[in-house]
Amino acid sequence: MKKVILSIGLGLVVSSVSAQVVNSTKIHISEGALVSFGTDVTNSGEITNNGKVHLKGDLKNNAKLVSKGEVVVDGLTPQTISGTQVAEMSKVSVENDVNLQ
């Protein structure tokens with residue numbers, strides 16, 4: 001019997017233990033896809049969202065972020081959206097206290 005091992009490299013590191021997501025590459029979220037970031041996100045690459053994204057932590061956008069899909073800001077504590085670049089988001093649902101910087 002043959003065993004098949006599938007390996008996918010994303011250039012994205014995600015940890016479930018008090019860490020943060022740091023993006024320095026391209027991330028494309030397709031229509032119909034759902035992505036939930038359970039921690040802080042720092043974008044230094046490029047994020048394109050055509051699906052649905054849940055942000056549970058802070059967002060620091062230092063590069064290109066374009067969202068024609070839905071972004072839901074729904075962490076358990078007050079969240080901050082900041083960074084050196086404009087985050088273009090057309091559909092945003094805020095379900096938490098958010099500090100825009």
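**Reading the chain, its interior and its residues**

Guide: Of the 101 residues in the protein chain, buried residues make up 33%. Please keep in mind that this is a predicted model.

Visitor: How many helices and strands does the protein chain have?

Guide: The protein chain has twelve strands and zero helices. Read from the N terminus on, its elements run β-β-β-β-β-β-β-β-β-β-β-β.

Visitor: What share of the contacts joins residues 24 or more positions apart?

Guide: Among contacts in the protein chain with a separation of 6 or more, residues 24 or more positions apart account for 4%.

Visitor: Which residues line the largest cavity?

Guide: The lining consists of F37, V41, I47, N49, V53, L55, L59, L65, S67, V71 and M89. Two or more residues of this lining come from each of β6 (46-49), β7 (52-55) and β9 (64-73). The element that gives the most is β9, with three residues.

Visitor: Which residues have the most contacts inside the largest nonpolar core?

Guide: That core has 13 residues, and those with the most contacts inside it are F37, V41, V53, L55, L59 and V73. The elements giving two or more residues to the core are β3 (26-29), β7 and β9. The greatest contribution to this core is from β9, with three residues.

Visitor: May we take V53 as an example? What does V53 touch beyond its neighbours in sequence?

Guide: Not counting residues up to four places away in sequence, V53 touches I29, V35, F37, E70, V71 and V72. V53 also belongs to the lining of the largest cavity.

Visitor: I47 is in that lining too. Is I47 buried or exposed?

Guide: I47, which lies in strand β6, has a relative accessible area of 7% and therefore counts as buried, the cut-off being under 20%. Neighbours within four places in sequence left aside, I47 is in contact with N23, I27, K64, L65 and V66. I47 and V66 are 19 residues apart in sequence, while their C-alpha atoms are 6.4 Å apart in space.

Visitor: Where is G69 placed, and why is G69 classed as it is for accessibility?

Guide: G69 has its place in strand β9. G69 counts as buried because its relative accessibility is 5%. With residues up to four places away in sequence not counted, G69 touches N49, N50, G51, S90 and K91. From G69 to S30 there are 39 residues in sequence and 8.8 Å in space, C-alpha to C-alpha.

Visitor: Where does S30 lie?

Guide: S30 lies in the loop between β3 and β4 (34-37). S30 counts as partly exposed because its relative accessibility is 37%. Apart from neighbours within four places in sequence, S30 is in contact with N50 and G51. S30 and N50 are 20 residues apart in sequence, and their C-alpha atoms are 5.1 Å apart.

Visitor: Which residues is A87 in contact with, leaving aside its neighbours within four places in sequence?

Guide: A87, found in strand β11, is in contact with N61 and L65 when those neighbours are left aside. A87 and L65 are 22 residues apart in sequence and 5.1 Å apart in space, C-alpha to C-alpha. With a relative accessible area of 25%, A87 is partly exposed.

Visitor: Finally, is N96 buried or exposed?

Guide: N96 lies in the loop between β11 (87-94) and β12 (98-100). N96 is buried, because its relative accessible area is 17% and the cut-off is under 20%. A polar atom of the N96 side chain lies 3.0 Å from the backbone oxygen of G75. Not counting residues up to four places away in sequence, N96 touches V73, D74, G75, L76, T77, P78 and Q79.

Terms used: Residues are numbered from 1 along each chain as its sequence is written. This is a predicted model: local features need pLDDT of at least 70, side-chain atom pairs count only at pLDDT 80 or more; totals for chains, interfaces and linings use all residues. Side-chain values use heavy atoms; hydrogens and water are left out. On a 1 Å grid over the protein atoms alone, a cavity is a set of points where a 1.4 Å probe fits but cannot get out, and a pocket is an open set with protein on both sides within 12 Å along at least five of seven lines; lining residues have an atom within 4 Å of a point. Helices (H or I, at least four residues) and strands (E, at least two) are DSSP runs, numbered from the N terminus. A nonpolar core is a set of buried Ala, Val, Leu, Ile, Met, Phe, Trp, Tyr and Cys residues joined through side-chain atoms within 4.5 Å. Buried means under 20% relative accessible area, exposed over 50%, partly exposed in between (1.4 Å probe, protein chains only). Contact means heavy atoms within 4.5 Å. A polar contact is a pair of N or O atoms within 3.5 Å; within protein, one must be able to donate a hydrogen and the other to accept it, and residues adjacent in sequence count only if both atoms are side-chain atoms.
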